[in-house]
Amino acid sequence: MDEEYDVIVLGTGLTECILSGVLSVEGKKVLHIDRQDHYGGESASLNLTKLYEKFRPSAQPEESLGRNRDWNVDLIPKFLMANGELTNILINTDVTRYLEFKQISGSYVYRDGRISKVPTTEMEAIRSPLMGLFEKRRMKRFLEYIGNFKEDNISTHQGLNIDKNTMTEVYYKFGLESGTKDFIGHAMALWTNDNYLTQPARETIERIILYLQSVAKYGKSPYIYPLYGLGELPQAFARLSAIYGGTYMLDKPVDEVIYDEEGKVSGVKSGEEIAKAKIVIGDPTYFPQKVRKTGERVFRAMCILDHPIPNTDNLDSLQIIIPQNQLKRKNDIYIAVVSASHNVASKNHYLAIISTIIETDTPHIECEPAFKLLGAYKEVFMGISELYEPIEDGTKDHVYISKSYDATSHFETTTDDVKDIYFRITGKPLVIEKRKALTNEEDEE
Amino acid sequence: MSTPRTSTSSRMAQFKLVLLGESAVGKSSLVHRFVKNQFDEFRESTIGAAFLTQTISLDDDTIIKFEIWDTAGQERYKSLAPMYYRNANCAVVVYDITQSESLERAKAWVKELQRQANENIIITLAGNKLDLEQNREVPTEEAEAYAKEAGLLFFETSAKTGVNVTEIFTEIAKKLPIEATSNKSKTVKGVDLTKSNIESNSTCQC
């Protein structure tokens with residue numbers, strides 16, 4: 001460890017592992033440390049033993065839950081958008097070689113106490129029970145507008161300027177009802193609250209396009225998910241980093257981050273050893289003095305079920321979004337469901353993770369309508385996470401800190417953070433070119 | 001990730017093989033000898049290879065393709081990820097016959113495999129650097145007795161001269177459950193991320 005590196009990375013969460021991989025591929029000498037004895041930090045997936053250790057130290061898993069190793073329970077429930085940035089990074093870095101993905105089988109939205117499939121095509125819109133006859137026509141016209149929208153062809157803009165007009169104005173133009181706005185804004189654009197309504201429409205339109213393109217890619221839903229759980233993602237990027245020379249140390253205490261006279265970072269101390277580097281990247285837990293609370297706290301409840309979610313055609317996996325307005329709340333509630341078919345639970349078991357930004361002192365009561373949708377559960381593990389963000393951007397001390405994983409249902413904000421940190425470090429935008437697959441396979445055949 | 005393939009004339013089955021052992025016992029050199037039939041005295045850890053592949057013909061109509069995972073140095077500070085062991089069909093645990101300590105480490109890796117990997121994984125113990133016979137610290141009988149007791153295949157090898165290198169892989173191939181995997185029955189069917197990506201010019205041969 002007593003060596004000089006270009007970059008030291010602290011914590012093996014997904015954000016840190018992607019950065020570690022990207023920087024190693026670029027030829028940087030990277031030392032990557034985690035004080036825990038496993039990869040993933042907050043973005044790990046836990047087996048039953050580890051899950052009970054964390055949430056219920058005095059209890060033992062019930063025997064009917066099956067083998068410990070069959071379980072990989074995500075601490076942060078998220079899905080990958082099939083056409084999203086994380087998917088692009090995975091493909092371009094060739095990290096897909098280490099992973100296998102499956103589709104999430106459906107995407108549902110809650111309305112008036114019931115759940116229905118999110119309509120994503122004009123045909124589905126016409127059949128959807130979410131809208132009345134006239135509203136269906138209006139929705140169809142809106143989807144046509146999105147489908148035909150071309151940046152450089154003004155005739156497809158239908159008189160709207162998406163950099164000036166707000167999303168409320170766009171909805172008004174198509175005459176959409178409030179319930180329809182709810183599922184467009186929350187179940188398709190995936191906003192967690194209604195602040196977007198008064199913003200220029202561009203970002204919302206782009207999010208809807210991403211949603212529709214992601215659905216178009218494999219069909220059933222916009223989401224894909226790695227077999228064995230999300231914890232595979234940081235491991236795969238760590239392997240990429242190692243293959244390009246990155247040094248990995250798990251279960252390694254980080255006692256002190258060292259700075260020079262000018263206050264710039266110069267290394268990391270563990271016991272009597274010192275590793276030197278002029279750049280240090282890390283997650284908020286390694287820099288309690290340099291981060292602040294965002295003010296948002298996320299409630300997550302992991303429920304173990306021995307039956308599929310009622311009213312979903314027995315799907316093996318799905319997402320349910322409960323838009324804020326439906327429950328007179330300010331933030332949406334998400335339910336992510338995966339099961340044995342994703343190698344994250346033992347046979348005949350389902351994992352449903354409820355999450356939301358909390359608004360009262362009793363989040364489990366706030367989430368009661370979500371629990372109701374699931375039916376009976378065998379076990380539930382609940383936790384509240386405070387969200388942190390760096391106070392400074394790292395230009396002064398060359399310490400670059402990631403943000404906590406937020407309440408969104410996908411990884412787009414995580415990859416935004418990766419790109420932002422990369423830019424702060426290098427002064428260049430992150431461009432990941434297709435990596436030539438460096439195996440010897442080209443020699444063959 | 002072990003995608004078995006079948007064709008009409010011959011059958012091809014693919015298996016994941018992981019390498020384990022202390023640093024500098026010659027894990028990468030063994031694979032390099034097997035895959036490229038080369039040896040480089042001063043070779044450093046493999047940089048940039050996701051994994052290496054090599055096929056061997058077991059008989060006229062059976063081809064075994066090994067997808068060989070190198071530790072990429074992650075074994076050095078006990079930082080191998082569970083992903084490394086995941087779905088491995090076979091493992092070669094390497095020690096250096098001139099370092100008795102490395103056999104003790106090899107035994108620890110075997111334990112780790114039995115804890116983390118598939119129950120029916122085929123493990124081979126390989127005592128490398130047979131070309132340095134004059135410096136031998138580990139008697140053949142000792143390692144062999146341990147291998148027998150633990151139910152492992154056993155070879156003494158030299159990546160430098162090539163002695164017993166191909167033999168390891170042939171012997172593993174004979175033990176692999178080809179029948180069970182070469183049928184089309186694959187339990188989980190995933191999506192191929194690279195396939196539907198328009199810009200992708202993947203070299204994947206799947």
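The model is predicted: local features need pLDDT of at least 70 and side-chain atom pairs pLDDT 80 or more, while totals for chains, interfaces and linings use all residues. Residues are numbered from 1 along each chain as its sequence is written, and chains are lettered from A and ligands numbered from 1 in the order written. Strands (E, at least two residues) and helices (H or I, at least four) are DSSP runs, numbered from the N terminus.

Strand β5 (residues 80–81) of chain A runs antiparallel to β9(A), joined by 2 bridges. Here A:Leu80 partners A:Ile224. Strand β6 (residues 101–103) of chain A also pairs with β9(A), antiparallel, over 3 bridges (pairing requires at least two DSSP bridges). A:Gln103 has A:Ile224 as its bridge partner.

In α12(A), the buried residues include A:Thr414, A:Asp417, A:Val418 and A:Ile421. Viewed down the axis of α12(A), the buried residues fall within an arc of 150° and so line one face of the helix (the arc is taken over directions from the helix axis to the C-beta atoms). Just after α12(A), A:Gly427 has a positive phi of about 75°.

Chain B contains 6 helices and 7 strands. Their order from the N terminus is β-β-α-β-β-α-β-α-β-α-β-α-α. Of its 206 residues, 40% count as buried.

Note on methods: Buried ≥ 20, exposed ≤ 12 C-beta atoms within 10 Å, placed from the backbone.
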